[in-house]
Amino acid sequence: MPDKHYDNPLTAGINIAHAPQPCTLVIFGGGGDLSRRKLLPAVFNQALDGELPANFAVLGFAIEKMDDVGYREFARKGIEQFSRQALDATFWADFEPRLHYLEGSMDNPEAYKQLKQRLDEIDAHFGIPGNRVFYLAIPPTLIETCVRQLKAAGLVMPVDGHSPFSRIIVEKPIGRDLESARKVNATLSENFDEQQIYRIDHYLGKETVQNILAMRFGNAIFEPLWNSKHIDHVQITVAEEEGVGTRAGYYDKAGALRDMIQNHILQLLTLIAMEPPWIMDADVIRDHRQDILNCLRPITGENFDQSVVRAQYGPGFHHGEDVPGYRREVGVAQDSVTETYVALKLFIDNWRWAGVPFYIRTGKRMPKRASEIAIQFKSVPPILFNADHDQPLEPNVLALSIQPNEGLSLRIATKLPGAKLKIFPVKMDFRYGSTFGEQSPEAYERLLLDVMAGDATLFMRRDAVESSWAWVDGILNNWSSSRTRWIPEYAAGTWGPLEADRLIESDNRKWRML
Amino acid sequence: MNTSAMGNKMRNTQPRRGSIADIDAALRSLWSEFHQDVSGGHTVMRACMSNLIIYCDTKEEAALIGKEIPAIVDIHPARVLLLIGNGQPKKGNAESNVSIYYTELNSGWQVCAERIDAIVTTEAVDRLPSIARSHLIGDLPITLWWASRLPPPDAGDIFFQLAELANQIIYDNMGWANPAKGVASTTRWVAAQQDSKVVHNLAWRRIAGWRKLIGQVLDPQTAPDALNSLNSIEIEHGPHALAMTWVLVGWLASRLQWKAVDGKRLSDSELVWRFQHQQQDIKVVAKRRPEGEPLLYRLLFDWSRAEQPGRICFERLDHDRIGIDETMSTVPPRVFSAQIPSRSALISAQLAHRSREKIFEEALKASNSMSAVFQK
């Protein structure tokens, strides 16, 4: 909910809980890659669509030497390259005066004094009532410094219903294990109230992810089947085509488990598995998601090797071109055992999901970029159309595709036309891109507007971050205690190692072909 | 199969002319030919979201609407029934034209809409509701777009019968000859509707950008006391935009609880209303520019008190932008993105909107009060 309510009869009829409020967006690390590729194009698109509040400005704060003019040029280039809508010269001329820049070091108290002064000037010029959104597009190591400096400079307003709002957006990763995550959260909590903190996971801003709740709870036909009685298993796949690229420095210390599973995939899992919320309220939904994290069965002990596979990509082909193995990538240690692929089998120990395996896989250098959640229903009884043991009917699958094509499909069995009774699986496809003529906004656009509106539904709460780390730590600890110097390899451009196939095939199931 | 391009990507088949009784057969035949001749078997019917009944009086209006249909169904795939009440069928009293709209995908074809035109003579206009009724797709919402220049209730039976079929009625007050009379009859009719029926004036969506901007810029956070102390508003609009101006003022009056006290015509191009709120007078002047488009061009809000000026003047700069006029305002100048939506964009957006809007209905009631003081 918004931190502060004003009595404005002219905004009646506009859903205030979803209406962005006047504010300045302060981007720490405003001269960086995230800002250039995602944040500034997102703000530009919002402005072009008329979604931004009338009283709005952006201030980039970073170490790079730049002035307002330089920053506007930086932004323009980023928007030209990455915006979903083309840059229009006339509109740009109106938009660019809203962009400002302040050069400063994250640990310099003087810089924060200048920041405060600059923000006050911007407020006065744009009629902004002191509301600020601080976006920390900075390395995790700088979060603590930045947050403390903000507080010390008097830039964090209390949540008292009267003061302007101060909201902070923190990018993943929040820590690299439970202990460090708690430390980051503790620092955030010392300086901001939990309702001012927005831990962003851009996956949750994607249209299909938001559609999970709409599909589950807006249709009567799915929810009665959404349990262990009817669902055989669930597969979640997040496959990336790219290798480690320019992120080797970060990635080699993190690996796929930290980079993908602890945040994106566990958040997807909670949306798929959660109980119906009784109201579309941020905390109620987050409570229900948290319940799922609380029910995750720890992966430890003698079943560990049957439940977890990690691997690293070796040399192979990407779109027909030779690509090096992970250990030959620039910036990666030659003896690195960092996993670029993880496959898991996990269970949610609650009434609804008892005994239903969730198979998860994520990796780099896969044959294609594809993220999907597939719900495989149980087979029909082996009679009538399914009586042929040599050729059993393929079970129904509801697949939610998250990228690159957002949509969902349902595989059903149908009779082929003709005199013979031949049953064949067909796929009913629904794609956002071609079903609706309108373009979906980018995830960052949606999420930034949510922060300006004070809606935290699609953001991670502290308990969720820590619970997911607690669960992931069980796996990390097992790996670190094994002190292995080798992990399985898979050829770049393939769907992962044989060990991952064995993990699922030992249960008489198969990974889906995407 | 003959086809024609409709812009960047949308195409349609050549309309198939026939009798009203031939409509179903013509549709089946078009589909069949499309599968064989164009799509090579790779046809997808996009999720059909609505039935859209459009009523207009003349073939000239129908021709204009026909150009807008591709843009509407591109956003909101639908079965479109275009009913032309004063048409000129070539044979007899009534005839039909049937076509389908489609677009090319990477790997095939996608049909977005089926369009059925029913053209009748003035004498046969009472047959249109039955034609519409028998060609609606079941299980889908039905919207009536009343594209006649007559205020809906003033059209009589043809409107009431078509409205009976629909879950939503969209009308447009742009160009009404007598806005005061039209507002009065429409308000009475809207008030009499059951809760399940959505009634929408396109002018309400046309002024949506203005409403949002005014609400934000005059917000008590940024302009303290402005809303409580407003004492004068001047609105300049283009030709045919008086009814839209009327709705905007009605909205302000309903939200700010102003009571219409008086209203008069100062000249052919200028009206003035006097409202009261908490013993304070608010004067609203609406001036028509001699030339231009049917738009709101300039809005001046004044909440000045003795020795404390407070003014903001919005000015439409072009089709995409509204600016704050520095010379007339006490707030810093700024420019906002405010594109003038096309009528097809307004319609397609409204098709997806399926609940009654209380704020609009209250604005309509306030507009009616403004008509009442005018009629005294």
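Guide: Helices H5(A) and H6(A) are roughly parallel to each other, because their axes cross at roughly 10° and angles under 35 degrees count as roughly parallel. This is a predicted model, and the two helices in question are H5, residues 143-152 of chain A, and H6, residues 178-191 of chain A, whose axes come within 9 Å. On the side of H5(A), the contact is made by A:Ile143, A:Glu144, A:Val147, A:Arg148 and A:Lys151, while H6(A) brings A:Lys183, A:Val184, A:Thr187, A:Leu188, A:Glu190 and A:Asn191.

A cis peptide bond joins A:Lys172 and A:Pro173, with omega about 0°. Another backbone detail belongs to A:Leu384, which has a positive phi, near 50°, although this residue is not a glycine; A:Leu384 lies in the loop between strand S13 (370-377) and strand S14 (397-403) of chain A.

Next come the charged side chains. Over all chains the structure holds 49 salt bridges, and one of them is formed by the side chains of A:Glu103 and A:Lys65, at 3.3 Å from N to O. This pair links distant parts of the chain, 38 residues apart, since A:Glu103 sits in strand S3 (residues 99-103) of chain A and A:Lys65 in the loop between strand S2 (56-62) and helix H2 (68-82) of chain A.

A salt bridge also leads us across to the other chain: the side chains of A:Asp94 and B:Arg321 meet at 2.7 Å, N to O, and the count between chain B and chain A is 1 salt bridge. Across the interface of these chains there are also 10 residue pairs in polar contact. Helix H2 (59-75), helix H7 (208-217), helix H9 (242-255) and strand S19 (335-337) of chain B each supply at least two residues of the side that touches chain A, and the largest share, 6 residues, comes from H7(B). The residues of that side of chain B divide into 17 nonpolar, 6 polar and 8 charged.

Taken as a whole, the interface brings 31 residues of chain B into contact with 33 residues of chain A. The area buried between chain B and chain A is about 2600 Å², and carbon and sulfur atoms give 58% of it. Within chain B, the residues that lose the most area to chain A are B:Gln221, B:Arg334 and B:Ser337, which together account for 23% of what that side buries.

Methods. Residues numbered from 1 in each chain as written. Chains lettered and ligands numbered in written order. Predicted model: local features only at pLDDT ≥ 70, side-chain atom pairs only at ≥ 80, totals over all residues. Heavy atoms only, no water. Contact = heavy atoms within 4.5 Å. Buried area = accessible area lost by both parts, 1.4 Å probe. Salt bridge = Lys/Arg side-chain N within 4 Å of Asp/Glu carboxyl O. Polar contact = N/O pair within 3.5 Å; in protein donor to acceptor, adjacent residues only side chain to side chain. Helix = DSSP H or I, 4+ residues; strand = E, 2+ residues; numbered from the N terminus. Nonpolar A, V, L, I, M, F, W, Y, C, P; charged D, E, K, R; others polar. Axes fitted to C-alpha atoms, helices over the stretch in contact; angles between N-to-C directions. Parallel < 35°, antiparallel > 145°, perpendicular 65-115°, else oblique.
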